[in-house]
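Open the model in your viewer and keep the sequence panel beside it. The stops below say what to select and what is there.

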Amino acid sequence: MTVPWTRKTTDRHVTHLTLDRPETLNALTPDERDHLIDLFAEASADPDVRAVVLTGTGRGFCAGADLRGGAPTGERVAGDVARTLRLGAQRLMAAVLDCEKPVIAAVNGTAAGLGAHLAFACDLVLAAESARFIEVFVRRGLVPDGGGAYLLPRLIGPQRAKELMFFGDALTAPDAERLGLVNRVVPDTDLDKTAREWSTRLAAGPTRALALTKQLVNASLDTDRSTAFAAEAAAQEINMTTADAREGVTSFAERRAAEFRGR
């Protein structure tokens with residue numbers, strides 16, 4: 001299925017995913033959400049893709065789920081909401097977190113609700129100076145979903161996470177950087193340039209080593225020390241079978257820059 005409002009381009013081993021419904025601040029319909037999941041799965045499995053950049057057009061990065069249809073009508077059956085979240089928003093977050101390629105969020109504008117969590121699930125977050133992050137759920141009388149209560153405490157601690165979620169105030173890009181939710185804030189005109197520079201560097205790196213590193217870091221906060229150390233040793237064992245690891249050791253011995261191929 002082709003969803004015309006999600007643009008995908010691949011250049012120099014970097015896949016660029018652009019949400020392109022500026023009239024809705026790139027709010028995600030169920031179809032677009034599912035298509036985005038498929039695009040992350042494709043990027044993860046494609047050996048020619050070595051980094052991913054996610055961004056939006058217009059004034060919004062992503063305003064969250066598209067709720068213009070209003071609340072569902074008819075009788076609600078117990079389990080419907082949980083199933084919808086499990087198969088929808090939570091599956092999208094998992095697609096980003098589990099993607100075997102490093103993912104950069106280039107946040108060009110408002111990131112609200114699910115859109116904010118989509119950015120926070122990425123490995124690196126660049127934000128334009130005009131970007132804002134909003135835990136909008138409390139304004140609608142809702143519980144934060146889309147992995148927010150999992151992601152935010154791990155990024156900024158429980159007290160800060162509760163402050164953002166309890167009040168729902170807009171967080172500026174500089175404040176998000178200060179809290180540790182954003183890696184770097186850049187002028188709006190420099191966002192695309194910086195995202196391309198970072199993704200180019202990542203695409204030139206040892207792709208399998210980066211995938212294993214991402215896996216280790218993401219799992220580390222949920223495991224004890226002995227489990228984490230065992231996972232680290234296993235990851236290094238696997239990584240030492242790759243051509244890039246051999247190239248890294250050889251280039252060091254030969255006193256030259258490594259040329260990684262992503263294999």
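**The whole chain**

The protein has 11 helices and 10 strands; helices (H or I, at least four residues) and strands (E, at least two) are DSSP runs, numbered from the N terminus. This is a predicted model, in which local features need pLDDT of at least 70 and side-chain atom pairs count only at pLDDT 80 or more, while totals for chains, interfaces and linings use all residues. Residues are numbered from 1 along each chain as its sequence is written, and side-chain values use heavy atoms, with hydrogens and water left out.

Show the C-alpha atoms first: along the principal axes they fill a box of roughly 65 × 45 × 40 Å. Of the 263 residues, 44% are buried. Buried means under 20% relative accessible area, exposed over 50%, and partly exposed in between (1.4 Å probe, protein chains only).

Select H13, in the loop between β1 (6-11) and β2 (14-19). H13 is not a glycine, yet its phi is positive, about 70°. Most residues other than glycine have a negative phi. H13 is partly exposed, with a relative accessible area of 37%.

Next select N26, in the loop between β2 and α1. Here too phi is positive in a residue other than glycine, near 60°. Is N26 buried or exposed? At 0% relative accessibility, N26 is buried.

**A pair of helices**

Now select helix α9 (residues 207-220) and helix α10 (residues 225-239), whose axes come within 10 Å and cross at roughly 170°. Axes are lines fitted to C-alpha atoms, for helices over the stretch in contact, and angles run from 0 to 180 degrees between N-to-C directions. The crossing makes α9 roughly antiparallel to α10, a term for angles over 145 degrees.

Show the side chains where the helices touch: R208, A209, L212 and L216 of α9 meet A231, E232, A235, I238 and N239 of α10. Contact means heavy atoms within 4.5 Å. The residues of this contact divide into six nonpolar, one polar and two charged. Ala, Val, Leu, Ile, Met, Phe, Trp, Tyr, Cys and Pro count as nonpolar, Asp, Glu, Lys and Arg as charged, and the others, Gly among them, as polar.

**Salt bridges**

How many salt bridges does a search of the whole structure find? The search finds 17, each a side-chain nitrogen of Lys or Arg within 4 Å of a carboxyl oxygen of Asp or Glu.

Select R263 and D48, whose side chains form a salt bridge at 3.8 Å, N to O. R263 lies in the segment after α11 (243-253) and D48 in the loop between α1 (30-45) and β3 (51-56), so this pair ties together parts that are 215 residues apart in sequence. R263 is partly exposed at 45%, and D48 is partly exposed at 44%.

In helix α7 (residues 173-179), select R178 and D175, three residues apart, about one turn of the helix. Their salt bridge is 3.6 Å, N to O. R178 is exposed at 54%, whereas D175 is partly exposed at 30%.

Finish in helix α8 (residues 191-203) with E197 and K193, four residues apart, which form a salt bridge at 2.9 Å, N to O. E197 is partly exposed at 39%. Elsewhere, salt bridges that share partners join R33, D34 and R91 into one network.

Note on methods: Parallel < 35°, antiparallel > 145°, perpendicular 65-115°, else oblique.
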